[in-house]
Amino acid sequence: MEDQNSITPEIETQSDSKSNQTAQSSAKEETPKKSRFGTKSSKDKSQEVIQDLNQKLIEANDKYLRLYSEFDNFRKRTIKEKADMYKTAGQDVIVSVIGTVDDFERALKITGKGEENKAHREGLELIYNKFIKTLEQKGVKEIDALGKDFDTDMHEALTQIPAPTPDLKGKVIDVIEKGYMISDKVIRFAKVVVGQ
């Protein structure tokens, strides 16, 4: 009996250890099953990370393209503004000088072509011609208005009179004050009389 009792605890101990091993192995088996179904696997997580990074890359590229196009537009606008500024540089000075051209033209009209005023007239003509050439070198052009169709973009009508002939209706009959342009930009409108 003693032998049976001594064997029995060993069997119970072995059975206890087997049940412990079985419980541990089943716990190990349950853990992977839980990770497969209960939580995301590392492959799913890496796919999510890749998708997030791709989305961030797309957003960064979009921001870069927008910023680049904005800068390019700014650069082009600045270049255009500088070119316009160079074309019309000193416009205020030129506009004030044009009044002097008008004075020269009046002086030439008043000065007679007789022998007593010949030297005086030649001097005025030399200065006037030099003045006009200097203005032309700076891009200043006179607006040709006499006999042309009335154009509100270039002419300022001071008055309207009945046209002497039917073909002069809506045309400039007389120029009271000349108009001038710099690089296709009107700096002074021609003051004109229009036929109606």
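For the residue classes used below, Ala, Val, Leu, Ile, Met, Phe, Trp, Tyr, Cys and Pro count as nonpolar, Asp, Glu, Lys and Arg as charged, and the others, Gly among them, as polar. The model is predicted: local features need pLDDT of at least 70, side-chain atom pairs count only at pLDDT 80 or more, and totals for chains, interfaces and linings use all residues. Residues are numbered from 1 along each chain as its sequence is written, and side-chain values use heavy atoms, with hydrogens and water left out.

**Whole chain**

Start with a cartoon view of the protein. It has four helices and six strands, in the order α-α-α-α-β-β-β-β-β-β from the N terminus. Helices (H or I, at least four residues) and strands (E, at least two) are DSSP runs, numbered from the N terminus. Of the 196 residues, 17% are buried; buried means under 20% relative accessible area, exposed over 50%, and partly exposed in between, with a 1.4 Å probe and protein chains only. Among contacts (heavy atoms within 4.5 Å) with a separation of 6 or more, 61% join residues 24 or more positions apart.

**The open sheet**

Select 140-142, 180-182 and 185-188. β1, β4 and β5 form an open sheet in the order β1-β4-β5, with antiparallel pairing; two strands pair if DSSP finds at least two bridges between them. The edge strands are β1 (140-142) and β5 (185-188), each pairing on one side only. Neighbouring strands of this sheet are turned by 35° against each other on average, direction ignored.

Three bridges join β1 to β4 (residues 180-182), and V140 stands opposite I182 in β4. Is I182 buried or exposed? At 1% relative accessibility, I182 counts as buried.

Axes are lines fitted to C-alpha atoms, for helices over the stretch in contact, and angles run from 0 to 180 degrees between N-to-C directions. Draw a C-alpha to C-alpha distance from I182 to I94: the two are 9.4 Å apart in space and 88 residues apart in sequence.

**Strand β6 and its partners**

Now select residues 190-195. Five of the six residues of β6 are buried, so this strand is largely enclosed by the rest of the structure. β2 (residues 155-161) runs parallel to β6, joined by six bridges, while β3 runs antiparallel to β6, joined by four. Click on V192 in β6: A157 stands opposite V192, and V175 also stands opposite V192.

Next, pick H155 in strand β2. H155 is buried, with a relative accessible area of 5%. Its contacts, not counting residues up to four places away in sequence, are I143, D144, A145, D149, F150, V172, F189, A190 and V192.

**The largest pocket**

Finish by selecting D102, E105, R106, K109, V175, I176, E177 and K178, which line the largest pocket. On a 1 Å grid over the protein atoms alone, a pocket is an open set of points where a 1.4 Å probe fits, with protein on both sides within 12 Å along at least five of seven lines; lining residues have an atom within 4 Å of a point. Its volume is about 260 Å³, the space filled by probe spheres set on the points.

Which elements give two or more residues to this lining? They are α3 and β3 (172-177), and α3 gives the most, with four residues. Colour the lining by class: two residues are nonpolar, none polar and six charged.
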